[in-house]
Amino acid sequence: MGFLKSLLIRLGSTALAFWLATLIIPGITLQTDAFGEAVVTLLLVSVIFGVVNAVLQPIVKTVGCGLYLLTLGLIAVVVNGLLFLLTGFIAGQLDLPFEVDGFWPAAVLGALLVGVVTWLLGLILDRD
């Protein structure tokens with residue numbers, strides 16, 4: 001039960017972070033007015049984002065280990081922006097009304113905002 005609760009809290013906090021990103025960052029849009037469709041879309045985009053990060057981020061970190069060392073980890077901002085942009089692309093391919101307009105500033109700032117908000121909500125909600 002603890003794993004499922006943690007997973008649902010993480011999914012909800014990521015969906016909330018994506019919703020905040022659509023409100024704050026120009027270039028990230030949720031193109032629906034229906035509340036139910038917006039919630040389902042944000043939950044699905046959160047799942048896509050989680051899968052993309054779980055599958056690709058370890059591969060990128062392993063392959064690009066030298067770049068992480070060379071840039072003292074700053075390349076992570078670029079990698080997270082690209083993964084965010086990929087999430088928007090996959091959502092578009094699935095006909096979800098979620099759109100990321102480009103790498104800079106939308107994807108980079110979106111990835112930063114989603115990361116900070118989910119981290120803060122994780123601290124507040126204590127997923128354990």
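Start with the lining of the largest pocket: its residues divide into 10 nonpolar, nine polar and two charged. Ala, Val, Leu, Ile, Met, Phe, Trp, Tyr, Cys and Pro count as nonpolar, Asp, Glu, Lys and Arg as charged, and the others, Gly among them, as polar. This is a predicted model, so local features need pLDDT of at least 70 and side-chain atom pairs pLDDT 80 or more, while totals for chains, interfaces and linings use all residues. Residues are numbered from 1 along each chain as its sequence is written, and side-chain values use heavy atoms, with hydrogens and water left out.

Back to the pocket. Its volume is about 580 Å³. A pocket here is an open set of points on a 1 Å grid over the protein atoms alone, where a 1.4 Å probe fits, with protein on both sides within 12 Å along at least five of seven lines; lining residues have an atom within 4 Å of a point. Points are joined across faces, edges and corners, and the volume is the space filled by probe spheres set on them.

Which residues lie nearest the centre of the largest pocket? Arg10, Thr14, Phe49, Gly50 and Asn53, out of 21 in the lining. Helix 1, helix 2 and helix 5 each give two or more residues to that lining. Helix 2 has the largest share, eight residues. Helices (H or I, at least four residues) and strands (E, at least two) are DSSP runs, numbered from the N terminus.

Now Phe49 again, this time for its ring. The structure holds four aromatic pairs. Rings of Phe, Tyr and Trp (its six-membered ring) pair if their centres lie within 6.5 Å; planes under 30 degrees apart are stacked, over 60 edge-to-face, the rest tilted. Phe18 and Phe49 are edge-to-face, because their centres are 5.2 Å apart and their planes stand at 85°. That pair links helix 1 to helix 2, 31 residues apart. Phe49 also pairs edge-to-face with Phe84, at 5.9 Å centre to centre and 75° between the planes. Phe49 and Phe84 are both buried, meaning under 20% relative accessible area; exposed is over 50%, and partly exposed lies in between (1.4 Å probe, protein chains only).

Next, the core. A nonpolar core is a set of buried Ala, Val, Leu, Ile, Met, Phe, Trp, Tyr and Cys residues joined through side-chain atoms within 4.5 Å. The largest one has 29 residues, and Phe18, Ile28, Phe84, Phe98 and Val114 touch the most other members. Helix 5 (103-125) is among the elements that give two or more residues. Helix 5 gives the most, seven.

Thr41 sits in helix 2. Buried or exposed, Thr41? Buried, because its relative accessibility is 3%. Thr41 touches Leu30, Leu96, Pro97 and Phe98, leaving out residues up to four places away in sequence. Contact means heavy atoms within 4.5 Å.

Last, the backbone. Most residues other than glycine have a negative phi, and most peptide bonds are trans. Trp104 and Pro105 are joined by a cis peptide bond, with omega about 0°. Pro105 is in helix 5. Leu72 has a positive phi of about 55°. It lies in the loop between helix 3 (65-70) and helix 4. Asp95 has a positive phi too, near 60°. Its loop runs between helix 4 and strand 2. Leu72 is exposed at 77% relative accessible area, and Asp95 is exposed at 70%.
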